[in-house]
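Let's walk through a protein model together. Have the sequence and the 3D view ready.

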Amino acid sequence: MADPTVPRQRPIWRIVLVLSLALNLAVVGLVAGFALRDGKNGPPRGVELSLGPIGQALTPDDRQAIMRSLRDNREVRAPRGDGARGGIEVVLVVLNTEPFDPDAFLESLKQPDTRQAKLREALREALTLRVTEMSPAERAAFRDRLQDIDGKRR
C-alpha cells in the first residue's frame, strides 16, 4: 500500500530529467572530444588525403606550416561567397545555353579537377619547402617516422 504522505512524482518530470541528462552528456562528450583531439592526433584531413603516410609522419608544427602556406596561396583557396558554387554555376550556365555545346559542358566539368590539381601541386611545393627548411636531424626524424608508418602498413 502506498504511503499517502509521500508526494507522487509525475512521469513527465522523470522524462524531462532523463532528456536533460542525455543532452548534457552529449554536450560534455563533444567538448571533451574537441579538446582532446586538438588537431594533434593526426594531420589535417586535406594533408592526410593528399599525402597519406607522408602527412602522418610530419610533426604538428610542420603540418600547420604547410596548411598556413596553402591558406596564403590565393590560387588554391576555396572560393567564398557567390563564387563558392562556381563549378556548379558554370555547369548550369552551359546547360541553359542553346544550342547545347557538349565541349563547353565537358570543360565545365573539368574546372574542379583543375583546382584540385593546383592544390596538389601547391601542397607538394609547400611540403618540399618545409622539408628543405628542416635541419639534418629533423629530416632524419621525419624519415624515421615515415619508415615506422610504412612498416606498419605492410
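Below is a quick tour, from the overall layout down to a few local details.

This is a predicted model, where local features need pLDDT of at least 70, side-chain atom pairs count only at pLDDT 80 or more, and totals for chains, interfaces and linings use all residues. Residues are numbered from 1 along each chain as its sequence is written, and side-chain values use heavy atoms, with hydrogens and water left out.

**Overall layout**
- The protein chain has seven helices and zero strands; both are DSSP runs numbered from the N terminus, with at least four residues (H or I) for a helix and at least two (E) for a strand.
- Of the 154 residues in the protein chain, 16% are buried (buried is under 20% relative accessible area, exposed is over 50%, and partly exposed is in between, using a 1.4 Å probe and protein chains only).
- Take the contacts (heavy atoms within 4.5 Å) in the protein chain with a separation of 6 or more: 57% of them link residues 24 or more positions apart.

**The nonpolar core**
- A nonpolar core is a set of buried Ala, Val, Leu, Ile, Met, Phe, Trp, Tyr and Cys residues joined through side-chain atoms within 4.5 Å.
- The largest one here has 14 residues, and those with the most contacts inside it are L58, I66, L70, L123, L127 and F142.
- α4 (60-72), α6 (102-133) and α7 (136-153) each supply at least two residues of this core, and α6 gives the most, with four residues.
- Leaving out residues up to four places away in sequence, L58 touches R63, I66, L127, M134, F142 and R145.

**A look at α4**
- α4 has 13 residues and reaches 18 Å from its first C-alpha to its last, close to the 18 Å expected at 1.5 Å a residue (the expected span is 1.5 Å times one less than the number of residues).
- Its buried residues are D62, R63, A65, I66, M67 and L70.

**Around P99**
- Most peptide bonds are trans.
- The bond from E98 to P99, however, is cis, with omega near -5 degrees.
- You'll find P99 in the loop between α5 (86-96) and α6.

**One aromatic pair**
- Rings of Phe, Tyr and Trp (its six-membered ring) pair if their centres lie within 6.5 Å; planes under 30 degrees apart are stacked, over 60 edge-to-face, and the rest tilted.
- The count by this rule is one aromatic pair.
- F100 and F105 have ring centres 5.8 Å apart and planes at 55 degrees, so the pair is tilted.
- F100 is partly exposed at 39% relative accessibility, and F105 is partly exposed at 25%.
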